[in-house]
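Let's take a walk through this one, helix by helix. Have a look at the sequence and the fold first, then read on.

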Amino acid sequence: MDEFDVDQADNKEYVLNMIKKDGKLLDFASARLQDDEEVVMEAVKQNPISLEFASKRLKNNEKIVMESVSRVGWTACYASEKLRANREIMLSGLKIDGQILYYASKEIRDDKEAVLSAVTNKGLILKYASNRLRQDKEIVLAAIKQDKRAYLFLSKELKQDEDIKKLIS
């Protein structure tokens, strides 16, 4: 890989050329270019992790955040609070990385489809589901099928459920 010339950090053509090779080089771009939609989208397309280096404004851009989160779910941690409450964006990430339920809004943590997607690929994330959904047998069964340790987060009543006991034994 070529070394990034910091003297060119505000040169859009140069930065675009560099981030097409390595999106994380967005870290070295000027603040102006970290706030440029075209530059940031190119960086995120090349490497979704580069969302970390986008401006605060662009971490609130639905298209850019969706491009990142739908490919590398955990990058939701870089998204604005508003977009961590965006059902479509969060579902796209939860389907590939249940762990991001941790970053999700209160509303997403109480959304059955979102939580079911999360626990299906990361059972222990049941811990971050709403109290209501931690009592939902379908969600609990999916979580335990994925990771028996999810049992630790069940209510006394669900721990006595025969179907759940069968999965644990």
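Let's start with helix H3 (37-46), where Val39, Val40, Met41, Ala43 and Val44 are buried. Buried here means under 20% relative accessible area, with exposed being over 50% and partly exposed in between (1.4 Å probe, protein chains only). Helices are DSSP runs (H or I, at least four residues; strands are E, at least two), numbered from the N terminus. Before going further, note that this is a predicted model: local features need pLDDT of at least 70, side-chain atom pairs count only at pLDDT 80 or more, and totals for chains, interfaces and linings use all residues. Residues are numbered from 1 along each chain as its sequence is written, and side-chain values use heavy atoms, leaving out hydrogens and water.

**H3 and its partners**

The buried residues of H3 pack against H1, H2 and H4, where contact means heavy atoms within 4.5 Å. How do H3 and H4 pack: at what angle, and how far apart are their axes? The angle is about 10°, and the axes lie 9 Å apart. Those axes are lines fitted to C-alpha atoms, for helices over the stretch in contact, and the angles run from 0 to 180 degrees between N-to-C directions. H3 and H4 are therefore roughly parallel to each other; that label covers angles under 35 degrees, with over 145 counting as roughly antiparallel, 65 to 115 as roughly perpendicular and the rest as oblique. On the H3 side the contact is made by Glu37, Val40, Met41, Val44 and Lys45, and on the H4 side by Lys63, Ile64, Glu67 and Ser68. Sorted by class, that contact has 4 nonpolar, 1 polar and 4 charged residues. For that sorting, Ala, Val, Leu, Ile, Met, Phe, Trp, Tyr, Cys and Pro count as nonpolar, Asp, Glu, Lys and Arg as charged, and the others, Gly among them, as polar.

Met66 is also in H4. Leaving out residues up to four places away in sequence, Met66 touches Glu88, Ile89 and Ser92.

**Helix caps**

| Helix | Cap residue | Backbone nitrogen of | Distance |
|---|---|---|---|
| H1 | Asn11 | Glu13 | 3.1 Å |
| H3 | Asp36 | Glu38 | 3.0 Å |
| H7 | Asp111 | Glu113 | 3.1 Å |

These are polar contacts, that is, pairs of N or O atoms within 3.5 Å; within protein, one must be able to donate a hydrogen and the other to accept it, and residues adjacent in sequence count only if both atoms are side-chain atoms.

In H1, the buried residues are Tyr14, Val15, Leu16, Met18 and Ile19. Their cover includes helix H2 (31-34) and H3. Setting aside neighbours within four places in sequence, Val15 is in contact with Phe4, Gln8, Ala9, Ala29, Leu33 and Val39. Ser30 sits in the loop between H1 and H2 and counts as buried because its relative accessibility is 15%. Beyond four places in sequence, Ser30 touches Ala9 and Asp10.

H7 has Ala114, Val115, Ser117, Ala118 and Val119 buried, and what covers them includes H5, H6, helix H8 (131-134) and H9. Val115 has a relative accessible area of 0%, so Val115 is buried. Not counting residues up to four places away, Val115 touches Leu101, Ile108, Arg109, Ala129, Leu133 and Ile139.

Over in H5, Leu91 counts as buried at 7% relative accessibility.

Where is Gly98? Gly98 is in the loop between H5 and helix H6 (106-109), buried at 0% relative accessibility. The C-alpha atoms of Gly98 and Ala118 are separated by 3.6 Å, though the two are 20 residues apart along the chain. Apart from neighbours within four places, Gly98 is in contact with Ala118, Asn121, Lys122 and Ile125.

**The core**

The largest nonpolar core has 52 residues, of which Val15, Ile19, Leu26, Leu94, Leu101, Val119 and Leu126 touch the most other members. Such a core is a set of buried Ala, Val, Leu, Ile, Met, Phe, Trp, Tyr and Cys residues joined through side-chain atoms within 4.5 Å. Elements giving two or more residues to this core are H1 (12-19), H3 (37-46), H4 (62-69), H5 (87-94), H7 (112-121) and H9 (137-146). H9 gives the most, with 6 residues.
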